[in-house]
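Welcome! Take a moment to look over the chain below before reading on.

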Amino acid sequence: MGKGGERTMEPRAPFLSIPDFRQGDVALRYVKRGYHVLCTHFLTLLLVPVAFTSLLELLNMAKTGQLNKIWESASTTHVQFNLITFIICSLVLSSLALTYVLTRAKPVYLLDFCIFKPPEELKLTKEMFVRLSRATGVFGEKAMQFQERIMEKSGLGDETYLPPGVRCWPPDINMRSAREEAEMVIFSAVRDVLEKTKLRPSQIDILVVNCSLFNPTPSLSAMIINHFKMRSNINSYNLGGMGCSAGVIAIGLAKEQLQVYPNSTALVVSTENITQNWYFGEERSMLIPNCLFRIGGAAMVLSNKRSARWNAKYELLHTVRTHMGASDANFGCVVQREDSEGKVGVHLSRDLMAIAGGSLKANITTLGPLVLPVSEQLLFFVNLICRKVFKRKMRAYIPDFKLAFEHFCIHTGGAGVIAEIEKQLQLRPENVQPSKDALYRWGNVSSSSIWYVLGAIESMGNMRRGDRVWQIAFGSGFKCNSAVWRALRTVKDDHPAWQDAELPPRPDPAATPTPAH
């Protein structure tokens, strides 16, 4: 690993903070929804062991002849009716257990994933970014000073990448360059993951591609099918306009497809296109994406085959999606539009971080009952009852999610996003360090960022069998989505994208106190 430079603390802009979750009311509807799911599964899991044990006992009694002796004894006594009742009840329970086994959700496994590493000639330092922006001649001095300030506190390092159409002079911003970028990223990631999993393109049954801002015709999914010569009956989907959280949405869609089609394999591709969405105007809210977003992509292979468990890295446990788009403020906080001069870019509202905080609160109050231990859930609800029923003036209790997860893959939306989630969820520095590393090394690579973070964790050799992983991402609309995985084996995978990577300086553990819970 390379060396990191010194870190300087910059004052944070007033709008780069999200609400303290300990203030205000918890949305009860999200708690009820999560607990409904938990109770449903709890009752099912409670009945299955009882039915299974009863069936085993009946089989054992039949094998040893005890069942025949009991029946002969019951034939001459008044207990015959009770015995018949017992047998009928046992058969009913056994039938329920069998029905559960046959109709339960099929497990979904992640066989492997690959993250794209651009060629070295596309590498961009922060100084080069400023120089390229000045060379365009379209940015005034105030716009340049604003971009320089954003870059200084962005959390990005000097080894991020931009596509050829943006790096060249003059910039080559057109459909052809955008297609070339998409082909470079997608084809490379897909080729690597197929080779890694030893699969042929014809073995892919389901294809899901997400790219928010570049949606050509034919679609990106059609482009993959054509290039790799996939089957004509493949189920393909192309998700567009769903922002940086679309990676989790794509995983959720693949999971739903794998529930319908047995013995199938799914390929999921997450990326974003930079070329056609580079902004050449003066509006500050639309200059921020130029400073943060960089080229990247990831390809994942999932399967519901029973045999896949033995080779898979992870099992998908939960996907939780929260969409706050019913509110006009939430809907309009991230919008692709023209500025006053007709130049197209992505506008980021000053209320973005506050809106992200509200969506995160909604998401974790739904996710919490599915993943938190009972002790934390009891503390949360005791606190909730005291505040809601007895009107006690006290802070809302924030559950300790470190008891539910060993690893956190936070969307690398910016240094402020990661810092605020670390603060609000009371995480330790080591919990968020992989996300900071991914932001520093790759920048904001949109929907694929959570996979770059997971790649960092695997490359460091920190993934143990049974470890639970929380991937969390934000996106336009406004959405907050989560995916929960469990490691099926100890993973030490030296991803090429993380080899010889320059990383930011590590905080001094002695100087960083653990947050009190």
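Here is a short tour of some helices, a charged pair and a few backbone details.

Keep in mind that this is a predicted model.

Let us begin with helix H7, which covers residues 175-197 and so counts 23 residues. From its first C-alpha to its last, H7 reaches 33 Å, close to the 33 Å expected at 1.5 Å a residue. What caps the N-terminal end of H7? Asn 174 does: one of its side-chain oxygens lies 3.2 Å from the backbone nitrogen of Arg 176.

**Two helices side by side**

Two packed helices are described by the angle between their axes and the distance between the axes. For helix H14 (residues 415-424) and helix H15 (residues 429-442), that angle is about 170 degrees, and the axes are 10 Å apart. Angles over 145 degrees count as roughly antiparallel, so H14 is roughly antiparallel to H15. Which residues meet here? From H14 come Ala 415, Ile 418 and Glu 422, while H15 brings Pro 429, Val 432, Ser 435, Lys 436 and Leu 439. Sorted by class, this contact of H14 with H15 has 5 nonpolar, 1 polar and 2 charged residues.

**A charged pair**

Side chains of opposite charge can pair when their charged atoms come close. A search of the whole structure finds 22 salt bridges. Glu 159 lies in the loop between helix H5 (141-152) and strand S3 (160-161), and Lys 123 lies in strand S2 (residues 123-124), so the pair ties together parts that are 36 residues apart in sequence.

**Backbone details in the loops**

Now for the backbone itself.

| Cis peptide bond | Omega |
|---|---|
| Trp 169 and Pro 170 | about -5 degrees |
| Gly 477 and Phe 478 | about 10 degrees |

Where do you find these residues in the model? Pro 170 is placed in the loop between helix H6 (164-167) and H7. Phe 478 is found in the loop between strand S12 (468-475) and strand S13 (479-487).

One more residue deserves a look. Lys 229 has a phi near 55 degrees, a positive value in a residue other than glycine. To locate Lys 229, look in the loop between helix H8 (220-228) and strand S5 (235-239).

Conventions
Residues numbered from 1 in each chain as written. Predicted model: local features only at pLDDT ≥ 70, side-chain atom pairs only at ≥ 80, totals over all residues. Heavy atoms only, no water. Helix = DSSP H or I, 4+ residues; strand = E, 2+ residues; numbered from the N terminus. Expected span 1.5 Å × (residues − 1). Polar contact = N/O pair within 3.5 Å; in protein donor to acceptor, adjacent residues only side chain to side chain. Axes fitted to C-alpha atoms, helices over the stretch in contact; angles between N-to-C directions. Parallel < 35°, antiparallel > 145°, perpendicular 65-115°, else oblique. Contact = heavy atoms within 4.5 Å. Nonpolar A, V, L, I, M, F, W, Y, C, P; charged D, E, K, R; others polar. Salt bridge = Lys/Arg side-chain N within 4 Å of Asp/Glu carboxyl O.
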